[in-house]
Amino acid sequence: METLLLTEKQLEIASKLITDGEVVGIPTETVYGLGADASNENAVRKIFSAKGRPADNPLIVHLADFSQAVEYTSYIPELAWKLAEKFMPGALTIVLPKNDRIPAVTSGGLDTVGIRVPSHPVMHRLIEISGRPISAPSANKSGYPSPTTAQHVMRDMNGIIPAVIDGGECQYGVESTVIAIENEDTIRILRPGCITKEMLMTVTGNVIVDKAVLKGLENGEKASSPGMKYKHYSPSADIVMVESDLKSFTEYVGKHYGDGVYALIFDGDKQNFPYRHMTYGADSLQQAQQIFRRLRELDDIHAEKVYVRSPDTDGVGLAVYNRLIRACGFEVIRL
Ligand code: TXA
Ligand code: MG
C-alpha cells in the first residue's frame, strides 16, 4: 500500500478513512498523531500494530470540546473543568476515570482515559467532520523520536497506513502535558509539555511533578503512567547528555572525539565550537520545537555518538529535559 500524502484541504478523504476504521497521520499543535476512531476496537488495534506499541500503553482520546468528555468518563472533578477552561483547546491531556464507551484496547486495560482537546485546526476539524472521538498517539514507530513534520510520519509509516495529512511543521514540537488529578485539588504531572508547571500553578497551588519525569523508574517501581516504563525517543545514535558549562563541555567532547561523534549544542554556543555539531535552539521554546527533528537528523547523517548540552529545566525546559534523558536512556554525565 502506497501512503497518500493529503493536503489540509482533503479532510473529507481523511474523515472517510477514520469513519471506515482506518488510521490516518494527523498534524496537531504538539506533534503528529496516528489517529483512529477511539470507539472502534479494530481501528484502535491498527494503531498499536502500525506503531509496534505495547498493548498496555494507553492511547489518549482527542475531542472537539472538553464538554464532550462527559460522554466518555464517569466523573469529572471541578478542577478539571477549571483547567479545561483555561488551557483547552491546547497542549494539555487530563487523565480521568473512563466509562464503557472507551474500549479497554484504547485505555490499555486501565480504568482511566487521557482526554485532550487539540487546538490545531486540522485535527480539530477532523474530529468535527468525522463525528468520532479520535485516539492518537504520536505517529512515530514505538521508541523512536516523535514526528513534527508529515515527512517524518512518511518515513516511519509509509506503506503501513493509508494516509498522512500534511499540515507543515508542528507549533510546539513536544507532546502535550499529561496530568492526573488527585484529591480534587492536586495536579500530578505525568509528562511535562508546553503547558508548564508554572502555568498549572495559576489554577491550583498544588502541582506535583511525578518523580519519573526527571529520572528512570527503580527496579520494580510502579509507573503512574505506563508510557514511563518504556524506552523512548531514541534514535539509532547513542545519545549522552552532558551537564556542564560550555568550556567543560567543549573539552569533554574534544577528549572523546572521533568518527561518528557529534555535539548537540545551543545556538549561542556555535561561535567558536571546533567540533562537528548541530544546534537545537536558543531558548526552551525553540529547544522543544527542534529537539525531535534534530534527533532524527542525527540519524540521517549516521551519527554514532552524540553529546548533548543539558537544557534548563524551568518552564518548557522541563519537557525538553524529560525527552532528552529518555533519549539517552538516563545516561547523564555531570562535569
Ligand atoms: O501531544 C500529544 O499528546 C500527542 C498528540 C498526537 O496529541 N499524543 C501523544 O500520545 O503523545 P502518546 O500515546 O504518544 O503519549 C501519551 C502518553 C503515554 O506516555 C501514555 O502512557 C500516557 O500518555 N497516558 C495515556 N493515557 C493514560 C492514562 N489513562 N493514565 C496515565 N497515563 C496515560
Ligand atoms: Mg509517543
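Colleague: Which residues line the largest cavity?
Modeller: This is a predicted model, where local features need pLDDT of at least 70 and side-chain atom pairs count only at pLDDT 80 or more, while totals for chains, interfaces and linings use all residues. Residues are numbered from 1 along each chain as its sequence is written, chains are lettered from A and ligands numbered from 1 in the order written, and side-chain values use heavy atoms, leaving out hydrogens and water. A cavity is a set of points, on a 1 Å grid over the protein atoms alone, where a 1.4 Å probe fits but cannot get out, and lining residues have an atom within 4 Å of a point. Here the lining is Thr177, Ile189, Pro192, Gly193, Ile195, Thr196, Lys197, Gly315 and Leu318.

Colleague: What volume does the largest cavity have?
Modeller: Grid points get joined across faces, edges and corners, and the volume is the space filled by probe spheres set on them. The structure holds one cavity of 30 Å³ or more. The volume of the largest cavity comes to about 30 Å³.

Colleague: Which residue in E15 stands opposite tyrosine 262?
Modeller: Strand E13 (residues 261-265) runs parallel to strand E15 (residues 305-309), and four bridges join them. Opposite tyrosine 262 you'll find valine 306.

Terms used
Two strands pair if DSSP finds at least two bridges between them. Helices (H or I, at least four residues) and strands (E, at least two) are DSSP runs, numbered from the N terminus. On a 1 Å grid over the protein atoms alone, a cavity is a set of points where a 1.4 Å probe fits but cannot get out, and a pocket is an open set with protein on both sides within 12 Å along at least five of seven lines; lining residues have an atom within 4 Å of a point.
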